[in-house]
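Hi,

Here is the structure I promised to pass on.

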Amino acid sequence: MNTGKNTVPAPAATGPARRPWSLSRTAVGGALVLATAYTLLPLLWLLTAAAKNTGDLLGGRALTPDRWHLAANLHALATTGDGIYFRWYLNSLLYAGLGGLLCALVCVAAGYAFQVYAFPGREKLFGLVLLGVLVPTTALALPMYLLASEAGVVNTFWAVFLPSLVNPFGVYLARVFCAGYVPEEVLEAARVDGAGELRTFWSIGLRMLMPGFVTVFLFQFTAIWNNFFLPLVMLSDNRLFPVSLGLYGWNTQTHAFPEYYPLVVAGSLLAVIPLVIAFVTLQRHWKAGLTAGSVK
């Protein structure tokens with residue numbers, strides 16, 4: 001029966017609607033598993049290999065769950081060379097701990113000065129600092145050796161410690177943090193209240209820049225702790241070696257003395273502990289800085 005109304009025919013069914021192409025959850029999950037395994041497998045090998053003797057390491061049984069000799073390896077580590085390993089360990093703590101703290105303070109103070117004070121040639125001088133970021137530290141080892149030789153500090157504690165107090169990237173990072181965390185109004189209020197520039201920086205600016213201070217410290221602590229080439233160039237007395245250079249010296253002797261293999265592996269395991277402790281204990285300040293930055 002014709003009702004006089006025009007009817008529009010329904011479109012033909014074309015099957016289910018297709019969604020835009022995207023990676024499946026399985027592929028993403030698989031990629032994450034591979035990335036996690038790639039990250040954790042060397043650490044797992046280090047944990048198990050540190051408890052193996054020379055025969056197990058040379059026989060490829062580093063990951064086997066039986067035959068643990070961790071106590072024997074630690075005892076040998078403490079007695080070999082009259083306990084020279086823990087002398088290296090203490091040296092690394094001094095180089096990295098004290099050097100990282102002082103370097104972070106210098107970098108934060110320099111970044112604060114670049115951001116807060118206007119002086120002639122400020123941006124040109126800051127450009128020179130950025131130029132220093134582009135120069136690899138290995139390229140500076142020989143010039144620093146020549147300078148240390150002129151100053152008469154080669155093969156001393158200061159030959160490794162003093163160069164670690166300068167970090168151009170830390171200065172740049174500190175200025176970025178200062179631009180985002182230190183309002184000019186707060187500094188002006190402190191000056192109006194009669195605070196000097198040094199007091200303003202120490203009591204207000206440094207406290208506001210504490211996330212940046214911790215970030216620079218962690219970067220520098222890790223860099224100094226893992227530093228190898230500069231101590232190799234500067235030092236010849238093994239009593240001044242950091243742990244990285246000392247373990248390298250032992251590792252070069254493993255072809256003639258295979259008993260050094262367990263010592264090198266166990267020493268490498270102990271060498272990562274300060275880095276883990278530093279990141280775990282200071283991550284609260286680091287996360288606070290990142291969160292504040294995201295809100296801003």
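A word on names before anything else: helices (H or I, at least four residues) and strands (E, at least two) are DSSP runs, numbered from the N terminus. With that in hand, aspartate 82 sits in the loop between helix H3 (70–79) and H4. Please keep in mind that this is a predicted model, where local features need pLDDT of at least 70 and side-chain atom pairs count only at pLDDT 80 or more, while totals for chains, interfaces and linings use all residues. Residues are numbered from 1 along each chain as its sequence is written, and side-chain values use heavy atoms, with hydrogens and water left out.

I sort accessibility as buried (under 20% relative accessible area), exposed (over 50%) or partly exposed (in between), using a 1.4 Å probe and protein chains only. Aspartate 82, at 80% relative accessibility, is exposed. Asparagine 155, in the loop between H6 and H7, also has a positive phi, near 65°. At 27% relative accessibility, asparagine 155 is partly exposed.

**Rings**

Rings of Phe, Tyr and Trp (for Trp, its six-membered ring) pair if their centres lie within 6.5 Å; planes under 30 degrees apart count as stacked, over 60 as edge-to-face and the rest as tilted. How many aromatic pairs does the structure hold? There are 22 aromatic pairs. One of them joins tyrosine 112 and tyrosine 117, edge-to-face, at 6.0 Å centre to centre and 80° between the planes. Tyrosine 112 is buried at 2% relative accessibility, whereas tyrosine 117 is partly exposed at 28%.

Tryptophan 158 and phenylalanine 161 make another edge-to-face pair, with 5.9 Å centre to centre and 75° between the planes. These two are about one helical turn apart, because they are 3 residues apart in helix H7 (residues 157–161). Tryptophan 158 is partly exposed at 47% relative accessibility, and phenylalanine 161 is buried at 4%.

Ring pairs also link up into a cluster, which takes in Tyr85, Phe86, Trp88, Tyr89, Phe217, Phe221, Trp225, Trp250, Phe257 and Tyr260.

Two rings have a charge over them, meaning that NZ of Lys or CZ of Arg is within 6 Å of the ring centre and within 35 degrees of the ring normal. Lysine 52 lies over the face of tryptophan 68, at 4.7 Å from the ring centre. Arginine 175 does likewise with phenylalanine 126, at 4.5 Å from the ring centre.

**Helix H11**

The 16 residues of H11 should span 22 Å at 1.5 Å a residue, and the end C-alpha atoms are 22 Å apart, which agrees. (The expected span is 1.5 Å times one less than the number of residues.) H11 is largely enclosed by the rest of the structure, because 12 of its 16 residues are buried. Among them are Pro211, Phe213, Gln220 and Trp225.

Phenylalanine 221 belongs to H11 and is buried, with a relative accessible area of 7%. From phenylalanine 221 to leucine 275 there are 54 residues in sequence but 8.1 Å in space, C-alpha to C-alpha.

**Pocket and cavity**

Both come from a 1 Å grid over the protein atoms alone: a cavity is a set of points where a 1.4 Å probe fits but cannot get out, and a pocket is an open set with protein on both sides within 12 Å along at least five of seven lines; lining residues have an atom within 4 Å of a point. Grid points are joined across faces, edges and corners, and a volume is the space filled by probe spheres set on the points.

The largest pocket has a volume of about 830 Å³. It is lined by 30 residues, and the closest to its centre are Thr137, Pro163, Val166, Asn167 and Pro168. Helices that each supply at least two lining residues include H4 (84–116), H8 (168–181) and H11 (210–225).

The structure holds 1 cavity of 30 Å³ or more, and the largest cavity has a volume of about 50 Å³. Ser92, Tyr95, Val160, Ile224, Trp225, Asn227, Pro231 and Pro242 line the largest cavity, with H4 and H11 each supplying at least two residues.

Cheers
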